[in-house]
Amino acid sequence: MSERTIRLPFRQNKLLVQLFLLLFILVLFSFLSPYFFTVTNFMNVFNQMVEVGLIAIPMTMIVISGAMDLSVGSILGFSAVCMGIAFEHGLNIWASVVVALVAGLLCGAVNGYLIARHRMQAIVVTIGMLVMLRGLVYVFNEGRPISGYPDSFYFLGQEYVAGVPFNAIFLALLFLLANFVMKRTRFGTYVYGIGNNEEAVHYSGISVVRTRMILFLLSGLFSATAGVFLVSRLASAEATSGTNIELDVLTATLIGGTHIFGGRGSLSGTFVGLLIIVFLRNGLNLLGVSVLYQAVILGALLLIAVGNKSFKGRSFQ
Amino acid sequence: MKKVILTVLTGVMALSLAACGNNNGNNGNGGGSQAAPAASGSASAGSSSASRTYFINPKSIGPAYWAAAQKGAEQAAGDLNVKVVYNAPTEADSAKQINMIQDMLTRKVDGIGVSPNDAKAVGPIFKKALGQDVKIVTWDSDAPETDRQYYVAPDTDKTVGELLAKTIGDEIGGKGKVAFMVAGLGSENQIAKSDAAKAYFAANYPDIEVVTTVSSDDDQQKAYANAQNLIKTYPDLNGIIGFAGGEPPAAAEVVEQAVKAGTLKAGQVAITGIAVPSVVKNYIKNGTIKTDIIWDPGKLAYTTVYVLDQLAQGKEITDGMDIPTVGKVIVDGKNVFIGTLQVTKDNVDSFGF
């Protein structure tokens with residue numbers, strides 16, 4: 001329990017630093033571009049960040065538990081294409097959405113089964129899934145994009161409710177819910193516990209296997225949801241959907257202060273990390289900065305986030 | 001607390017880095033337009049200065065083809081005294097590309113020239129652009145079922161595909177096995193070209209069999225690996241057509257190495273395709289590639305900026321229109337064609353790109 005009392009103020013400190021950074025980015029770009037600090041632009045950014053944000057929720061939990069899921073982008077693409085194919089074969093669009101979610105859950109179940117039950121390395125398993133699922137996507141749809149969904153479906157990714165994109169509202173609600181789960185429920189405590197000391201959790205009579213399994217199932221489900229939202233936003237399910245999204249997701253998670261070896265981190269941190277990377281990218285886009293510089297800047301930020309943690313960690317000891 | 005301050009300071013430094021990057025980027029883009037007043041200032045003193053901004057969006061940033069196009073776009077910016085922002089994701093990714101277009105609409109550019117990674121996915125964003133009275137022109141790859149106003153291309157995909165099929169058909173004597181290498185299985189221009197080539201074989205060279213189509217996703221290493229797999233999987237392969245800039249050099253490199261290693265007979269695999277001359281120069285001189293089809297990507301981008309600028313000023317796009325440095329273009333309906341070039345041993349040194 002003393003662990004916990006130390007962790008809390010420390011985490012809040014960290015969040016403060018990230019909020020400063022976010023504020024700094026917002027102020028800087030407001031000065032540099034007249035179009036940055038506008039309602040339209042902010043709503044655009046919120047609309048664009050949903051897929052990465054959705055996946056960042058289970059990713060944060062998984063990283064806190066001391067593992068990693070690199071297959072999320074491929075699960076996203078796989079579910080999106082499954083949905084497209086189901087729809088093409090005459091299934092109702094909402095039934096197709098269910099197909100996508102089930103596909104995502106199945107992928108998560110395979111990950112979870114291998115990692116939790118058979119104690120295989122998470123990175124190895126999920127890299128395998130990353131490659132295999134992406135291959136399956138190409139096999140299934142022969143690389144051609146699937147489009148032509150009914151207008152009612154575009155509500156998810158393109159419509160605004162009271163001036164705010166519907167998908168952003170959905171994301172915010174899920175973040176609040178997940179934050180509650182991680183902070184206020186036993187499940188959340190188990191996840192932190194597994195990340196800190198898996199043995200201890202195991203000997204306390206808590207099923208590590210089940211907790212890990214749930215985490216990877218969640219990851220599959222959220223990746224599939226992100227896939228559905230992506231298809232709705234772009235009106236097309238293509239084979240490359242979600243490629244490299246895991247890098248964005250992990251960047252948001254790590255900038256958000258989650259420790260790569262687990263045990264520490266928070267969803268609120270991830271949310272701020274997410275805002276930092278989307279606003280940074282948006283601002284640089286608005287200024288017309290070449291993506292090559294954008295990559296350098298994002299990488300530098302990540303280094304700062306990690307480097308910062310290493311001296312934090314020393315002072316912690 | 002010291003540490004918090006230290007962290008904030010590091011953050012500030014990172015962002016000043018961002019600001020530097022921004023300056024550099026602007027200088028890069030502005031290089032052309034800064035030269036503009038000197039060039040056009042004397043010609044028309046009263047013309048409105050660089051107030052019009054266009055966003056030119058290739059499929060990705062990195063490949064030599066798109067770098068050549070960037071030069072053309074920047075030259076056009078200088079000649080027309082407008083501002084051009086040339087940017088795209090580092091990988092040919094539709095979602096990232098659309099995010100970028102969305103950001104540029106927020107910036108209220110006057111026109112956008114897009115080479116879409118996914119012809120269907122750009123539909124909604126083009127509709128939005130039209131609503132904001134932003135001109136939309138597709139270039140290099142089309143999105144025919146959208147609200148785009150014009151499509152700037154070297155020639156119809158059908159003509160180019162047929163030309164490639166005819167070239168390889170003649171070279172291998174009208175029969176044998178041919179493999180297709182494309183940059184993306186989902187992009188419109190690649191599908192249209194390879195379909196046209198297939199149809200041409202079926203109609204004119206019934207003895208030619210298309211064994212497979214492999215895609216590199218615009219990744220040079222993947223194109224190379226694809227070519228290696230091709231000659232291993234089909235030891236009796238007669239020809240390879242590369243439908244995008246990175247494919248023919250990858251195929252040629254792999255074939256040359258296999259010939260050198262003795263695993264492949266010299267001259268067994270004929271290669272043709274679309275590639276920038278400077279990249280395939282050595283292969284053409286060695287005879288690994290006999291004919292290469294190309295257009296000047298710089299002129300393509302130049303034409304795109306020119307057409308956008310005409311549209312933004314409310315001027316008509318007419319057939320036979322003479323575009324400076326590009327020449328006369330063919331306008332067919334909503335298409336603007338600048339024409340293709342055939343690169344052979346004899347003229348390979350005459351291209352400046």
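I began at B:Ile271, whose bridge partner in E10(B) is B:Ile289. The model is predicted; local features need pLDDT of at least 70, side-chain atom pairs count only at pLDDT 80 or more, and totals for chains, interfaces and linings use all residues. Residues are numbered from 1 along each chain as its sequence is written, while chains are lettered from A and ligands numbered from 1 in the order in which they are written.

I noted the naming: helices (H or I, at least four residues) and strands (E, at least two) are DSSP runs, numbered from the N terminus.

**Strand E9(B)**

I looked up how E9(B) meets E10 (residues 289-294) of chain B: the two run parallel, joined by 3 bridges. Pairing requires at least two DSSP bridges between strands. From E9(B) the chain crosses through helix H9 (residues 277-286) to E10(B), a right-handed β-α-β crossover. Right-handed means a clockwise path from the first strand over the helix to the second, with the strands pointing away from the viewer.

I then turned to E8 (residues 239-242) of chain B, which pairs with E9(B) in the parallel sense over 4 bridges. There, B:Ile240 has B:Ile271 as its bridge partner.

I checked burial next. A residue is buried with 20 or more other C-beta atoms within 10 Å of its own, exposed with 12 or fewer, and partly exposed in between; C-beta atoms are placed from the backbone. In E9(B) (residues 270-274), 5 of the 5 residues are buried, so the strand is largely enclosed by the rest of the structure.

**Helix H3(B)**

I found 13 of the 13 residues of H3(B) buried, so this helix too is largely enclosed by the rest of the structure. Just after H3(B), B:Lys108 takes a positive phi of about 60°.
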